[in-house]
Structures are given as structure tokens and as C-alpha cells.
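Work through the following exercises with the sequence and the coordinates at hand. Each task is followed by a solution in steps.

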Amino acid sequence: RGLGQQLLGELALSGRVDQAIDVFQAGLEALRPRTDSVVGQLLAELARTEALAGRLEDALAHVLEAQAIFEDLSDQRGLASTMRILGDVHVKAGRLDESVAALRRGLELAERVGSVEEIGGCLINIGLVEERREAFQEAIECDRRAIEELERIGHGSGRARGYANLAYHLMLAGDYDEAERWCQRTLDLSRAIGHSVTVADAIDTIAAIEIRRGNFS
């Protein structure tokens with residue numbers, strides 16, 4: 001992505017969601033009627049941000065428009081990223097089957113082009129869908145595969161998210177000792193890279209383990 005798109009994405013991730021949506025929309029208006037990869041990326045990022053804001057109908061329309069652009073361009077890398085966002089939109093709307101279908105297509109495309117970050121992202125998101133289905137072993141398998149991929153490239157925040165999700169899914173599956181070990185790995189890595197969200201997730205999972213063990217204090 002270009003620097004401008006990266007900055008827009010950072011606006012969304014920093015919590016200034018409405019501001020990010022406004023800027024994405026202004027950028028798209030300035031580029032119309034172009035239908036190149038830059039427009040596709042902006043549409044996909046707009047959809048991701050709209051999904052964060054709960055604007056799921058708008059998000060679905062924009063991510064499908066991005067999908068059509070990348071398919072017309074035969075841009076498999078852009079399409080892989082877009083399918084991951086489409087899967088996220090579907091899961092937020094409660095459409096679990098559609099979510100898994102989109103994410104598995106994204107995973108297939110990411111494997112084809114060798115995009116390790118997208119492979120890991122799709123696997124992590126599939127694990128979250130399997131969690132909602134209460135298919136905890138399947139979620140665990142997805143987390144472990146994602147971690148293996150992300151560790152190969154030393155992806156700090158992705159690894160932290162993978163570790164935290166794996167710990168939580170192990171806890172849900174009743175494997176408390178192994179879950180605690182992954183919580184500790186999450187804490188060690190997350191504190192080292194300053195990733196406070198997964199620090200909080202790991203502490204929350206440790207608390208849930210203690211509740212299940214009856215250690216309420």
C-alpha cells in the first residue's frame with residue numbers, strides 16, 4: 001500500500017473510525033471513475049473500517065465492489081486480502097458459513113501467492129469462526145497453523161494475536177495447563193513489543209481459567 005493508505009488504516013485502528021471513513025470516502029470520490037488496484041484497496045479498507053463501526057450493510061457493499069475490481073484485474077494478492085475482510089464482515093453479521101467460505105478462499109489465494117501475513121490472518125479469523133461454532137479443536141488447529149506461519153517471518157503483532165487466541169481456545173477446550181503456558185508466552189511477547197491489547201487478553205484468559213478451577217480470589 002502507499003503511505004497515504006497506510007495512514008488512513010492507522011486512523012481506523014487508532015479508534016478514529018468515523019474520521020477514517022470520511023477520509024476513505026473522500027479519497028474514493030477523488031479517484032472515481034478509476035477502477036484500479038488503488039481503488040480496490042481503498043474500498044476494502046473502507047469496508048473494514050465500516051465493519052468496525054457496525055455499518056455492516058455499507059461494509060458488505062464496498063467489500064464486494066473491491067472483490068469485483070480485484071477479480072477483473074486478476075490481482076490474487078489484493079483478492080486474498082479482500083476475502084479476509086469479507087469473511088470478517090460476514091462473521092460480524094452472524095453469517096458463519098459465508099464467513100468460512102470467504103476466509104478459506106482467501107487462505108487458498110494467499111497460499112498461492114505466498115503471502116504469509118494473509119495466510120496467518122485468514123487462519124486466525126477461521127479459528128474465531130470455529131470458536132463461535134464451539135468447534136474448539138478446529139479453532140486450536142487453525143491457531144497453531146497461523147502461529148507457525150507468522151513465526152517464520154517474525155510477525156510480532158500477528159504472533160501475539162495467535163498466541164492469545166490459542167490460549168483462549170485451549171481454555172475453552174478444558175486444557176488449562178497448556179492454556180496457561182500460552183498465556184505466559186502471550187504476555188512475554190506482547191510486553192516486549194508493547195502490544196497492550198493481547199496483554200489484556202492473556203490476563204483475562206488467566207482469570208477465566210482460575211474461575212473454572214474455582215480459585216475465585
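The model is predicted.

**Exercise 1.** Determine the handedness of the crossing of α8 and α9, and describe how the two helices are oriented and which residues form their contact.

Solution. Step one: the crossing of α8 and α9 is left-handed. Step two: α8 covers residues 136–152 and α9 covers residues 156–172, and their axes come within 9 Å and cross at roughly 160°. Step three: angles over 145 degrees count as roughly antiparallel, and α8 and α9 are therefore roughly antiparallel to each other. Step four: on the α8 side the contact is made by Phe136, Ala139, Ile140, Asp143, Arg144, Ile147, Leu150 and Glu151. The α9 side supplies Gly158, Arg159, Gly162, Tyr163, Asn165, Leu166, His169, Leu170 and Leu172. Step five: sorted by type, the residues of this contact of α8 with α9 are 9 nonpolar, 4 polar and 4 charged.

**Exercise 2.** Carry out the analysis for α7 and α8: at what angle do they pack, and how far apart are their axes?

Solution. Step one: α7 (residues 116–132) packs on α8 at an angle of about 165°, with the axes 8 Å apart. Step two: α7 and α8 are therefore roughly antiparallel to each other. Step three: their crossing is left-handed. Step four: α7 contributes Val116, Glu117, Ile119, Gly120, Leu123, Ile124, Ile126, Gly127, Glu130 and Glu131 to the contact. From α8 come Phe136, Glu138, Ala139, Cys142, Asp143, Arg145, Ala146, Glu149, Leu150 and Arg152. Step five: the contact of α7 with α8 divides into 10 nonpolar, 2 polar and 8 charged residues.

**Exercise 3.** Compare the span of α7 with the expected value, and decide how far α7 is enclosed.

Solution. Step one: α7 has 17 residues and reaches 25 Å from its first C-alpha to its last. Step three: buried means under 20% relative accessible area. Of the 17 residues of α7, 13 are buried, so α7 is largely enclosed by the rest of the structure. Step four: after α7 comes Glu134, which has a positive phi, near 65°.

**Exercise 4.** Is Ile211 buried or exposed, and what separates its C-alpha atom from that of Glu57?

Solution. Step one: Ile211 lies in helix α11, residues 196–213. Step two: the cut-off for exposed is over 50%; the relative accessibility of Ile211 is 52%, so Ile211 counts as exposed. Step three: Ile211 and Glu57 are 154 residues apart along the chain, and their C-alpha atoms are separated by 38 Å.

Definitions and conventions:
Residues numbered from 1 in each chain as written. Predicted model: local features only at pLDDT ≥ 70, side-chain atom pairs only at ≥ 80, totals over all residues. Heavy atoms only, no water. Axes fitted to C-alpha atoms, helices over the stretch in contact; angles between N-to-C directions. Helix = DSSP H or I, 4+ residues; strand = E, 2+ residues; numbered from the N terminus. Parallel < 35°, antiparallel > 145°, perpendicular 65-115°, else oblique. Left-handed = near helix turned anticlockwise from the far one by under 90°. Contact = heavy atoms within 4.5 Å. Nonpolar A, V, L, I, M, F, W, Y, C, P; charged D, E, K, R; others polar. Expected span 1.5 Å × (residues − 1). Buried < 20%, exposed > 50% of the residue type's maximum accessible area, 1.4 Å probe, protein only.
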